[in-house]
Amino acid sequence: MNHSDRLAAFVALGQRLQNLSEDELANLGARARNQNNWFTPTNVAYAIKGIAELLAEEPIRQWAGRYPAEPEQPRQIGVVMAGNIPLVGFHDLLCVLLSGHILLAKPSSDDTVLMTWIAGELVDIEPRFEAAIRFAPRLNAADAFIATGSDNTGRYFEYYFGKKPNLIRRNRTSLAILTGRESDHDLGLLGEDIFRYYGLGCRNVSKLYVPVGYSFPTLLDALQPWHHILDHHKYQNNYDYNKSILLVNGVPHYDNGFLLLTESPQLVSPISVVHYEGYQHEVDLVERLTTVAAQTQCLVSAGGQYPGSFAFGRAQHPQVWDYADGIDTMKFLAQF
């Protein structure tokens with residue numbers, strides 16, 4: 001199977017995902033939710049739609065053309081996949097297989113249903129991929145490793161995988177930049193970046209940078225269409241708990257009934273909480289963002305006006321070349 005065959009199979013997979021019936025999506029969503037209660041059918045369908053967009057023919061061909069078509073020798077690439085949001089490990093699967101290597105994957109225990117399903121769909125389209133996809137509880141046989149986890153598990157990965165080539169990702173989160181000039185529509189779109197997947201993804205906004213003296217009521221009102229997020233009992237439990245902690249400790253905060261905003265220098269916030277920090281002027285903002293760049297997955301701003309940022313509502317729609325942690329996975333794989 002050559003590079004052209006592999007690329008055609010992924011393009012066909014994108015088309016297949018675009019054309020899943022409502023019954024197929026409902027069945028898959030129910031199976032995923034039975035394994036992981038955070039994976040609601042709505043979010044599963046949203047993730048699948050995002051992957052279908054990722055596999056659009058023209059962008060993926062342009063992206064793939066930047067790298068060698070064939071490896072010097074196919075290697076077994078051990079991939080430790082995260083499971084915080086549906087199918088978050090798919091991009092690594094795509095990179096390993098498209099680059100001509102063998103995938104030796106350890107899916108998260110929270111996301112085996114979806115990962116094995118999508119791998120099965122790919123094999124149905126191109127049966128020769130069956131020999132290149134292996135799911136395993138241990139990755140001892142791998143020649144190189146790609147692993148995604150927390151800062152703590154990153155140290156664990158370094159200890160166990162350090163003697164072989166490795167690409168290790170750690171905790172990152174995403175930030176929003178507000179100027180105070182955003183329209184209600186802009187602010188409403190920001191809700192997608194905050195609440196999609198219940199805020200569990202590294203591309204979810206967990207902190208706002210706002211001008212000193214920013215008025216929050218307008219933002220909180222614009223986010224009201226997301227009030228249904230409280231329908232998920234786990235999210236509501238987190239909201240109730242975090243609200244009680246803020247109240248007991250006398251921490252000033254804003255509350256619209258399902259989201260808590262509190263000033264904090266911390267980047268990562270608990271579920272149902274978003275931190276904010278004020279800036280005086282643009283130079284001050286640039287300095288603050290530079291300080292936290294190594295912990296930032298992506299930035300969002302109204303219309304993507306801030307350099308290097310996504311538009312509000314687009315954080316969960318990366319292009320195929322938007323690598324996690326800014327590390328070029330295909331470049332890493334091209335060395336073998």
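The charged end of R203 sits over the ring of F310, 4.8 Å from the ring centre. Such a contact needs NZ of Lys or CZ of Arg within 6 Å of the ring centre and within 35 degrees of the ring normal. The model is predicted: local features need pLDDT of at least 70, side-chain atom pairs count only at pLDDT 80 or more, and totals for chains, interfaces and linings use all residues. Residues are numbered from 1 along each chain as its sequence is written, and side-chain values use heavy atoms, with hydrogens and water left out.

**Aromatic pairs**
- The whole structure holds 18 aromatic pairs (Phe, Tyr or six-membered Trp rings with centres within 6.5 Å; planes under 30 degrees apart are stacked, over 60 edge-to-face, the rest tilted).
- Y46 and Y197 are edge-to-face, because their planes meet at 80°, with centres 6.0 Å apart.
- Y46 is in helix α3 (residues 41-54) and Y197 in the loop between α8 (184-195) and β7 (205-211), so the pair ties together parts 151 residues apart in sequence.
- Helices (H or I, at least four residues) and strands (E, at least two) are DSSP runs, numbered from the N terminus.
- F216 and Y254 form a tilted pair, 4.7 Å centre to centre with 40° between the planes.
- Ring pairs also link F145, Y156, F157, Y159, Y160 and F161 into a cluster.

**Burial**
- Y46 is buried at 17% relative accessibility, and Y197 is buried at 5%.
- F216 is buried at 3%, whereas Y254 is partly exposed at 31%.
- Buried means under 20% relative accessible area, exposed over 50%, partly exposed in between (1.4 Å probe, protein chains only).

- The charged end of R196 sits over the ring of Y46, 3.8 Å from its centre.
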